[in-house]
Amino acid sequence: MSSVQIQEFTVKDEEAFRIRVRYWKAISPKDLNSIEFVQECMRDGEVDFSSTYNFLMTDDEIKLLIKGLESI
C-alpha cells in the first residue's frame with residue numbers, strides 16, 4: 001500500500017491574512033492531483049477562520065492553469 005505525500009507552500013503570509021496551497025497525487029488515475037487552496041484570516045497571530053477550496057485536476061489542467069496565471 002502506498003502512502004499519500006502531502007506537500008504545501010505558502011503564497012502569502014501577512015499579519016491578517018495567509019494563503020497556502022496543499023497538493024498531492026491521487027493513487028488512481030496517475031495523472032490526477034488534489035489541490036487545496038487554504039485561505040486563513042488571522043487575529044492576534046492565530047487563525048480566526050479559514051476556507052478551503054479543493055480541486056481535482058489532471059497534470060495537463062495544472063499546466064493550463066499555470067499558463068493562464070503567468071499571463072496576468
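Student: In β4, which residue is the bridge partner of V38?

Tutor: The model shown here is predicted. Strand β3 covers residues 32-43, and β4 covers residues 46-58. These two strands run antiparallel and are joined by twelve bridges. In β4, the residue that V38 has as its bridge partner is T52.

Student: In what order do the four strands form the open sheet?

Tutor: The pairing in this sheet is antiparallel. Strands β1 (7-13) and β4 stand at the edges with a single partner strand each, so one side of each has no neighbour in the sheet. Neighbouring strands are turned against each other by 20° on average, direction ignored. The order of the open sheet is β1-β2-β3-β4.

Student: At about what angle to β4 does helix α1 run?

Tutor: Helix α1 consists of residues 59-70. This helix lies across β2, β3 and β4. Relative to β4, α1 runs at about 120°.

Student: How many residues apart in sequence are the parts that R18 and E40 tie together?

Tutor: R18 and E40 form a salt bridge, with their closest N and O atoms 2.5 Å apart. R18 lies in strand β2 (residues 17-25) and E40 in strand β3, so the pair ties together parts of the chain whose separation in sequence is 22 residues.

Student: Is E40 buried or exposed?

Tutor: A residue counts as buried when its relative accessible area is under 20%. The value for R18 is 19%, and R18 is buried. For E40 the relative accessible area is 6%, so E40 is buried.

Student: Which residues are linked in a network of salt bridges?

Tutor: R18 and E40 form a salt bridge with each other. Both belong to a network of salt bridges, whose linked members are E8, R18, R20 and E40.

Student: Why does the pair R22 and E36 tie together parts that are 14 residues apart in sequence?

Tutor: The side chains of R22 and E36 meet in a salt bridge at 2.6 Å, N to O. R22 is partly exposed at 23% relative accessible area, whereas E36 is buried at 13%. The pair ties together parts 14 residues apart because R22 lies in strand β2 and E36 in strand β3.

Student: Does R43 count as buried or exposed?

Tutor: R43 forms a salt bridge with D48, the closest N and O atoms being 3.2 Å apart. D48 counts as partly exposed at 40% relative accessibility. The limit for an exposed residue is over 50%. R43 has 53% relative accessibility, so R43 counts as exposed.

Technical notes
Residues numbered from 1 in each chain as written. Predicted model: local features only at pLDDT ≥ 70, side-chain atom pairs only at ≥ 80, totals over all residues. Heavy atoms only, no water. Salt bridge = Lys/Arg side-chain N within 4 Å of Asp/Glu carboxyl O. Buried < 20%, exposed > 50% of the residue type's maximum accessible area, 1.4 Å probe, protein only. Pairing = 2+ DSSP bridges. Axes fitted to C-alpha atoms, helices over the stretch in contact; angles between N-to-C directions. Contact = heavy atoms within 4.5 Å.
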